[in-house]
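Subject: Structure for you to look at

Hello,

Please find the structure we talked about below.

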Amino acid sequence: MKERMPCAIITTPSLMMVLFCQNESIILFLQGQRGFLLYFNDESEEMDINKTPIIVGNDHAAYGLKEKIKSYLIEKDIDVEDAGTHNEDSVDYSDFGIRVAAEVSTGKFNRGILLCGTGIGMSMVANKFSHVRAALCSGLFSAIMSRRHNNSNILVIGARVTGSDLAMEIVSAWLSTPFDGGRHQLRIEKFDSLGEAPK
Ligand code: RB5
């Protein structure tokens, strides 16, 4: 591995975050004597991206971001089903959230991505469906932990909240992070069947 120089060190009384940037992104959290590597994205090494097909849905506020994410997924050889909307004409986010969440709830798709202005509406819709675990993420830590601890199967991003470069990092990290299982599986089983079955 190449030697890297930190480009930022952020400290609070309980947390120190060291950010290395040299065409790579690495986030290392150190807490007291304990530290762990949370995320590492080295452009020169192929990341272990999960290639399971993905269904994506969005409203008008996130059409541009959806197109960008779709191109990225296609470039990574991931099959993408686009549930719309397909332009910036005003629509109801709920219609597209329902389409995507229903497909994930039945298991037709194992994973989905939902995008709207804030991400809030899409999260509300998606999490009404049984077996859907939608995570609204505006940062890498949430995206990674939503996979590791919550086995999130729908990633939600607010296109008016999160800049497109960060959004792409979030998508990449979400796709590359496996579920930890174990005690987290037992926790998920306590609520996973609650909610509506798709009509
Ligand atoms: C659309 O204006 C906006 O309400 C929608 O994109 C989303 O933010 C809803 O939660």
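In which loop does N50 lie? N50 sits in the loop between β4 (34-42) and β5. Helices (H or I, at least four residues) and strands (E, at least two) are DSSP runs, numbered from the N terminus.

Before going further, two remarks on how to read the values. This is a predicted model, in which local features need pLDDT of at least 70 and side-chain atom pairs count only at pLDDT 80 or more, while totals for chains, interfaces and linings use all residues. Residues are numbered from 1 along each chain as its sequence is written, and side-chain values use heavy atoms, with hydrogens and water left out.

Back to N50. With a relative accessible area of 28%, N50 is partly exposed; buried means under 20% relative accessible area, exposed over 50%, and partly exposed in between (1.4 Å probe, protein chains only). Not counting residues up to four places away in sequence, N50 touches I78, R111 and L175, where contact means heavy atoms within 4.5 Å. The side chain of N50 also makes a polar contact of 2.5 Å with the side chain of T52. A polar contact is a pair of N or O atoms within 3.5 Å; within protein, one must be able to donate a hydrogen and the other to accept it, and residues adjacent in sequence count only if both atoms are side-chain atoms. N50 and T177 are 127 residues apart in sequence, but their C-alpha atoms are 8.2 Å apart in space.

The chain as a whole

The protein chain has six helices and nine strands. Of its 199 residues, 45% are buried. Among contacts between residues at least 6 apart in sequence, 62% join residues at least 24 apart. The chain exposes about 10,600 Å², and carbon and sulfur atoms supply 52% of that area. Accessible areas come from the Shrake-Rupley method with a 1.4 Å probe; for residues, only the protein chains shown count as cover.

The cores

A nonpolar core is a set of buried Ala, Val, Leu, Ile, Met, Phe, Trp, Tyr and Cys residues joined through side-chain atoms within 4.5 Å. The largest one has 26 residues, and those with the most contacts inside it are L73, I113, V171 and L175. At least two residues of this core come from each of β5 (54-58), α1 (63-75), β7 (111-116), α4 (140-148), β9 (154-158) and α5 (164-176). The largest share, seven residues, is supplied by α5. Leaving aside neighbours within four places in sequence, L73 is in contact with I54, V56, I78, V80, I113, V171 and L175. Another core, of 18 residues, lies apart from this one and has I55, V104, L114 and F129 among its members.

The ligand

Which residues surround the ligand? They are D59, H60, A61, Y93, C116, G117, T118, G121 and R160; a residue is near a molecule or strand if one of its heavy atoms lies within 4 Å of it. This shell divides into three nonpolar, four polar and two charged residues. Here Ala, Val, Leu, Ile, Met, Phe, Trp, Tyr, Cys and Pro count as nonpolar, Asp, Glu, Lys and Arg as charged, and the others, Gly among them, as polar. A polar side-chain atom of D59 lies 2.5 Å from an oxygen atom of the ligand. For G117, a backbone N or O atom is 2.7 Å from a ligand oxygen atom, and for R160, a side-chain N or O atom is 3.3 Å from one. The protein covers 71% of the 300 Å² of accessible area that the ligand has on its own.

Backbone details

Most residues other than glycine have a negative phi, and most peptide bonds are trans. D77, in the loop between α1 and β6, has a positive phi of about 65 degrees although it is not a glycine. D77 counts as exposed because its relative accessibility is 63%. N151, in the loop between α4 and β9, also has a positive phi, near 45 degrees. N151 counts as buried because its relative accessibility is 19%. The peptide bond from G84 to T85 is cis, with omega near 10 degrees, and T85 lies in the loop between β6 (80-82) and α2 (93-106).

Regards
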